[in-house]
Amino acid sequence: YVVMVNGSTLTCSACAGATITAIGSNAAESSPGSEQFGMRVMRNSGTGSASAPYNGANWAFDSAAFPDIIATGAGDDVTSVYGLRYLANISSATEAGEYSSVLTYTVTATF
């Protein structure tokens, strides 16, 4: 199987569509005081594996190349459990408002 994510970075609909900058395809550390939106994936149990750049201790969010593969597995009748974590940092110039994102996760069998 392959697990993919598709969607957009955090967006403020009440602030003329202002966004929080997606980290991109290169995993980066959290940097409080700068705009960042990212995620990371951990395999908690099972035999599947999280995919780069989402599989490390740092954060990534490559919405420019979506959909992104975030996990894969052999489909060996073993249940794999994944944990997803999200990061959102703002800067002093970030427009005030309520930000949201819609992310869609799709699991596809690979025979």
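Between which two strands is Ala16 found? Keep that question in mind while you set up the view.

Before you click, note that this is a predicted model, in which local features need pLDDT of at least 70 and side-chain atom pairs count only at pLDDT 80 or more, while totals for chains, interfaces and linings use all residues. Residues are numbered from 1 along each chain as its sequence is written, and side-chain values use heavy atoms, with hydrogens and water left out.

**Stop 1: the whole chain**

Show the chain as a cartoon. You will find 10 strands and 0 helices; here helices (H or I, at least four residues) and strands (E, at least two) are DSSP runs, numbered from the N terminus. Starting at that end, the order of elements reads β-β-β-β-β-β-β-β-β-β. Along the principal axes, the C-alpha atoms fill a box of roughly 50 × 25 × 20 Å.

Of the 111 residues, 32% count as buried, where buried means under 20% relative accessible area, exposed over 50%, and partly exposed in between (1.4 Å probe, protein chains only).

**Stop 2**

Select Cys12 and Cys15 and show their side chains. A disulfide links the two, with an S to S distance of 1.8 Å; the term covers a pair of cysteine sulfur atoms within 2.5 Å. The count for this model is 1 disulfide. Look along the S-S bond and you will see a right-handed link, at 65°. Cys12 is buried at 0% relative accessible area, and Cys15 is buried at 16%.

Next, select Ala16, which sits in the loop between strand E2 (11-12) and strand E3 (18-19). Ala16 is not a glycine, yet its phi is positive, about 60°. With 81% relative accessibility, Ala16 is exposed.

**Stop 3: the cis peptide bonds**

Move on to Ala52 and Pro53, where the peptide bond is cis, with omega near 5°. Pro53 belongs to the loop between strand E6 (49-50) and strand E7 (59-61).

Finally, select Phe66 and Pro67. Their peptide bond is cis as well, with omega near 0°. Pro67 is in the loop between E7 and strand E8 (68-72).
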